[in-house]
Amino acid sequence: MEYHLKCIDPADFPTVYPRLERDFPRTELKRLPHMQQLLDEGLEVGWTLMADGRDVGYAFVLQSPALPFVLLDYLAMEERGHGAGSVCLALLKNEYPQGILAEVEDVLPELDADTNALRRRRWQFYRRAGFVPVPFENVIFTERYLVHLWTPAPVEQPRLAAARTLDAYYALQLPEERYRANVFITEPEDA
């Protein structure tokens, strides 16, 4: 199968948004007007994964030339378990050789076993793709994440760089009042 990424034109985004509504919980999904604004400004970039001419998945990435890494905002495939997600990550690495951050919900003792098992599978997915955990305290809109980082070469103080980059992306995309009320990232002490 031949895969490639196709950039989503911001003008076409309203036709793509229903897929995000289908694939992500409402609590994790940006509203259409907000996401459209980020795409129009170039802070967010959408990609469709094409396989032999068919649309098999998508990814959205937050990017800023002022920051060392991009942030994988959304990633979903039409069918899971067939390798398309891994291919998509590999192609995104080619597009963003500076490095990619990925947020994955943390495993928590108060959650049921099935939810924690799903979160562990997501961790494993990113680790198989060459991402490494860069743990630091963070809570974004009440959800705790274990952040993973992929870079082509070692990074000095990766946890600190990841924490600062993640914080900056939330500050860039949210109004200040909303950012201060909902984003709690603590820089690692050992940095």
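Predicted model: local features only at pLDDT ≥ 70, side-chain atom pairs only at ≥ 80, totals over all residues.

Me: What volume does the largest pocket have, and which residues lie nearest its centre?
Reply: The volume is about 1600 Å³, taken as the space filled by probe spheres set on grid points joined across faces, edges and corners. There are 46 lining residues, and Phe24, Glu28, Asp73, Tyr74 and Glu105 lie nearest the centre. A pocket here is an open set of points on a 1 Å grid over the protein atoms alone, where a 1.4 Å probe fits, with protein on both sides within 12 Å along at least five of seven lines; lining residues have an atom within 4 Å of a point.

Me: Which element gives the most to that lining?
Reply: That's helix H4, with 7 residues. The elements that each supply at least two lining residues are helix H1 (13-23), strand S4 (70-77), helix H3 (84-95), strand S5 (100-105), H4 (113-128), strand S8 and helix H5 (158-173). Helices (H or I, at least four residues) and strands (E, at least two) are DSSP runs, numbered from the N terminus.

Me: Back to Glu105, then. Which residue does Glu105 form a salt bridge with?
Reply: Arg122, with the closest N and O atoms 3.2 Å apart. This pair links distant parts of the chain, since Arg122 sits in H4 and Glu105 in S5, 17 residues apart. A salt bridge means a side-chain nitrogen of Lys or Arg within 4 Å of a carboxyl oxygen of Asp or Glu.

Me: Is Glu105 buried or exposed?
Reply: Glu105 counts as buried at 7% relative accessibility, while Arg122 is partly exposed at 35%. Buried means under 20% relative accessible area, exposed over 50%, and partly exposed in between (1.4 Å probe, protein chains only).

Me: How many salt bridges are there by this rule?
Reply: The count comes to 11. One of them joins the side chains of Asp55 and Arg19, at 2.6 Å from N to O. Asp55 lies in strand S3 and Arg19 in H1, so the pair ties together parts that are 36 residues apart in sequence. Arg19 is buried at 15% relative accessibility, whereas Asp55 is partly exposed at 32%.

Me: And which residues are in the salt-bridge network with that pair?
Reply: Arg19 and Asp55 are linked with Arg22, Asp23 and Glu78 in a network of salt bridges.

Me: What about Glu176 and Arg180, how far is it from N to O there?
Reply: Their side chains meet in a salt bridge at 2.9 Å. Both residues lie in helix H6 (176-182), 4 residues apart, about one turn of the helix. Glu176 is exposed, with a relative accessible area of 52%, and Arg180 is exposed as well, at 55%.

Me: New topic: how many disulfides does the structure hold?
Reply: It holds 0 disulfides, a disulfide being a pair of cysteine sulfur atoms within 2.5 Å. The cysteine sulfur closest to that of Cys7 is in Cys88, 12 Å away, so it is too far for a bond. Cys7 is partly exposed at 44%, while Cys88 is buried at 0%.

Me: Last one: where does Trp150 lie?
Reply: Trp150 is in S8 (143-150) and is buried, with a relative accessible area of 12%. Beyond its neighbours within four places in sequence, its contacts (heavy atoms within 4.5 Å) include Lys93, Tyr96, Ile100 and Phe131. Ile100 is 50 residues away along the chain, yet the two C-alpha atoms are separated by 5.2 Å.

How values were computed. Residues numbered from 1 in each chain as written. Heavy atoms only, no water.
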